[in-house]
Amino acid sequence: MNGMSPQLQNQIAQFQQVQQQLQNVTSQRMQMDASRRELIKTKEELEKSTGAVYRTTGAFMIKVEDIDSLKADLEESIETMEVRIGSLERQETSLKEKYTTLQESINKAMGNAVE
């Protein structure tokens with residue numbers, strides 16, 4: 001970074017931080033979305049189930065006596081995931097905007113430095 005202004009060096013450092021944050025948030029959102037889809041699929045299969053239903057708890061499988069309670073728990077978990085995914089999507093949008101702004105600023109400063 002020799003010959004670059006301290007301001008440009010700072011912008012590049014910020015850009016790299018935003019890029020890393022964006023990657024982390026995107027990864028978290030994708031993982032949460034996959035978990036949400038899995039919960040939805042579980043709920044759908046539970047709706048079809050006519051026999052005994054078991055729930056894993058740690059290393060154990062426990063027979064579920066109150067199916068309605070289990071359905072309510074699944075629905076609550078799905079709703080919680082959707083709220084978290086929404087929050088991550090808002091973070092992701094904000095970070096993308098910062099990323100683009102910093103990228104344009106750096107490109108402009110680099111273009112001016114080259115001229």
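Mentor: A pocket is an open set of grid points with protein on both sides within 12 Å along at least five of seven lines, and its lining residues have an atom within 4 Å of a point. The model examined here is predicted. In the largest pocket there is about 190 Å³ of space. Its lining consists of Thr-42, Leu-46, Val-53, Tyr-54, Arg-55, Thr-56, Met-61, Leu-70 and Leu-74. Three elements, α1 (6-48), β1 (54-57) and α2 (67-114), each give two or more residues to this lining. The most comes from β1, which supplies three residues.

Along its principal axes, the C-alpha trace spans about 75 × 25 × 15 Å. The radius of gyration of the chain is 23 Å, whereas a compact globule of 115 residues would have one near 13 Å. Of the 115 residues, 20% are buried. Among contacts between residues at least 6 apart in sequence, 72% join residues at least 24 apart.

Helix α2 also contains Glu-92. Glu-92 counts as buried because its relative accessible area is 6%, the cut-off being under 20%. Apart from neighbours within four places in sequence, Glu-92 contacts Leu-22, Val-25, Thr-26 and Arg-29. The side chains of Glu-92 and Arg-29 are joined by a polar contact of 2.6 Å.

Note on methods:
Residues are numbered from 1 along each chain as its sequence is written. This is a predicted model: local features need pLDDT of at least 70, side-chain atom pairs count only at pLDDT 80 or more; totals for chains, interfaces and linings use all residues. Side-chain values use heavy atoms; hydrogens and water are left out. On a 1 Å grid over the protein atoms alone, a cavity is a set of points where a 1.4 Å probe fits but cannot get out, and a pocket is an open set with protein on both sides within 12 Å along at least five of seven lines; lining residues have an atom within 4 Å of a point. Grid points are joined across faces, edges and corners, and a volume is the space filled by probe spheres set on the points. Helices (H or I, at least four residues) and strands (E, at least two) are DSSP runs, numbered from the N terminus. Buried means under 20% relative accessible area, exposed over 50%, partly exposed in between (1.4 Å probe, protein chains only). A polar contact is a pair of N or O atoms within 3.5 Å; within protein, one must be able to donate a hydrogen and the other to accept it, and residues adjacent in sequence count only if both atoms are side-chain atoms. Contact means heavy atoms within 4.5 Å. The radius of gyration is taken over C-alpha atoms; the globule rule is 2.2 Å times the number of residues to the power 0.38.
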